[in-house]
Amino acid sequence: MTEQQLIDGLIVQNKDAIEYLVNNYQKKVIKTAYYFIANMEDAEDLSQEVFLEIFKSISRYKRNASLYTWIYRITVNKSLDHLRRQKKRNILQTVGSFLRVSSDGTKRDDNTLTTVDTRNEDKEKRKILDNAVNSLPENQKIAFILNKYEEMAYKEIAEIMNLSLSSVESLIHRAKLNLQKKLLNYFSEYGTYNK
Amino acid sequence: MDCSFIHNNLFAYQEIQLPEREKKEFEDHLHACEECDRIVSDFQSVTSFIDEKKSAEPNPFTRTRILQKIESQMECARALPNPFFLKILHPISVSFLLLIAVIIGFSIVKQGESEIFENINHQNEIQTMKSALNIPDFIDEDKTFFDNY
């Protein structure tokens with residue numbers, strides 16, 4: 001099925017076209033979402049939202065970018081929305097737990113504010129990496145994830161992000177510098193693993 | 001080569017992007033500086049989770065869930081009235097409701113006016129009867145007493 005046939009099929013809600021779209025893109029969509037939100041179940045749920053969005057707005061799809069690029073854009077936007085919602089929820093939970101502990105009159109444990117699970121080293125390392133990537137400015141985060149996790153070329157990233165090649169290069173360079181800095185800060189604050 | 005060069009080139013070293021001479025100096029520094037050696041191995045062990053993440057596989061049943069969701073969405077869309085019909089029906093129903101609201105408003109105002117007129121007529125009738133029967137108007141005796149005092 002060509003891209004044009006697929007788009008036309010989706011517009012008229014053709015079952016074969018829908019199945020073709022899901023079969024060919026679901027894994028990519030889920031994995032991209034997973035790289036951003038770091039939770040496979042949430043990424044799978046989010047992929048349903050992405051496909052519904054594709055299905056709903058396919059009639060408005062402007063063919064100035066490839067379908068693949070357009071789907072990536074939707075996935076990235078949905079993932080960022082999810083992260084924003086999650087961030088708000090986490091702030092409320094942190095404030096809630098802080099208030100609960102304070103009202104109990106017990107001493108507040110500083111570890112309640114960090115999301116690090118010290119019981120499991122691997123889990124902790126994963127969390128450190130996810131937190132460091134998530135704390136990057138949005139554009140740096142998108143460029144870094146598409147480059148390092150998706151292994152996309154700068155040109156593809158530029159197309160998805162609607163930026164020039166040099167901007168993407170600069171974003172990735174700054175993202176790496178920031179990540180190095182954040183991880184170094186973390187190591188100096190909490191100590192290192194290989195003592 | 002000092003420690004700051006190591007700290008600023010962790011990714012470059014890991015991605016084998018340092019020129020050969022710098023790479024050698026980098027590694028020589030790691031042999032000499034225990035702290036930097038530790039930092040580099042920590043950095044590598046944390047960033048190795050990028051590769052681990054890449055190998056994660058989604059649940060194979062997600063495909064069915066996605067297709068079911070799209071199917072149910074399509075059924076919902078089919079159950080809804082024609083959007084063209086909705087486009088016409090919506091302004092008509094809003095205009096109709098507005099018209100009813102205006103009519104109700106007018107009737108309430110009219111009813112209020114007639115009650116006021118009735119009240120005035122009633123007062124006039126009482127006054128006429130009082131004057132016909134020579135009944136004086138009520139005098140507030142307390143007020144008169146205090147005025148005189």
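The structure is a predicted model, in which local features need pLDDT of at least 70 and side-chain atom pairs count only at pLDDT 80 or more, while totals for chains, interfaces and linings use all residues. Residues are numbered from 1 along each chain as its sequence is written, chains are lettered from A and ligands numbered from 1 in the order in which they are written, and side-chain values use heavy atoms, with hydrogens and water left out.

**Exercise 1. Describe the surface and the helices of chain B.**

Step 1. The accessible surface of chain B is about 11,500 Å², and carbon and sulfur atoms account for 62% of that surface.

Step 2. Of the 149 residues in chain B, 20% are buried; buried means under 20% relative accessible area, exposed means over 50%, and partly exposed lies in between (1.4 Å probe, protein chains only).

Step 3. Chain B contains seven helices and zero strands. Helices (H or I, at least four residues) and strands (E, at least two) are DSSP runs numbered from the N terminus.

**Exercise 2. State where confidence in chain B is lowest and where it is highest.**

Step 1. Chain B averages 84, and 87% of the residues score at least 70.

Step 2. The lowest confidence in chain B falls in helix α7 (residues 141-148), with a mean of 64; the highest falls in helix α3 (residues 20-32), at 93.

Step 3. Where pLDDT is low, the predicted coordinates should not be read in detail.

Step 4. For the complex, the predictor gives an ipTM of 0.71 and a pTM of 0.69.

**Exercise 3. Determine how α3(B) and helix α4 (residues 34-54) of chain B are oriented.**

Step 1. Axes are lines fitted to C-alpha atoms, for helices over the stretch in contact, and angles run from 0 to 180 degrees between N-to-C directions. The axes of α3(B) and α4(B) come within 5 Å and cross at roughly 115°.

Step 2. Angles under 35 degrees count as roughly parallel, over 145 as roughly antiparallel, 65 to 115 as roughly perpendicular and the rest as oblique. Therefore α3(B) is roughly perpendicular to α4(B).

Step 3. On the α3(B) side, the contact (heavy atoms within 4.5 Å) involves B:Phe26, B:His29, B:Leu30 and B:Ala32. On the α4(B) side stand B:Glu34, B:Cys36, B:Asp37 and B:Val40.

**Exercise 4. Identify the residues with the most contacts inside the largest nonpolar core.**

Step 1. A nonpolar core is a set of buried Ala, Val, Leu, Ile, Met, Phe, Trp, Tyr and Cys residues joined through side-chain atoms within 4.5 Å.

Step 2. The largest such core has 55 residues, and A:Phe36, A:Phe144, A:Tyr149 and A:Ile157 have the most contacts inside it. Helix α8 (residues 165-190) of chain A contributes the most, with nine residues.

Step 3. Leaving aside residues up to four places away in sequence, the residues that A:Phe144 touches include A:Val133, A:Ile172, B:Phe11 and B:Ile50.

Conventions:
Areas by Shrake-Rupley, 256 points an atom, 1.4 Å probe, with all protein chains shown as cover. pLDDT = per-residue confidence, 0-100.
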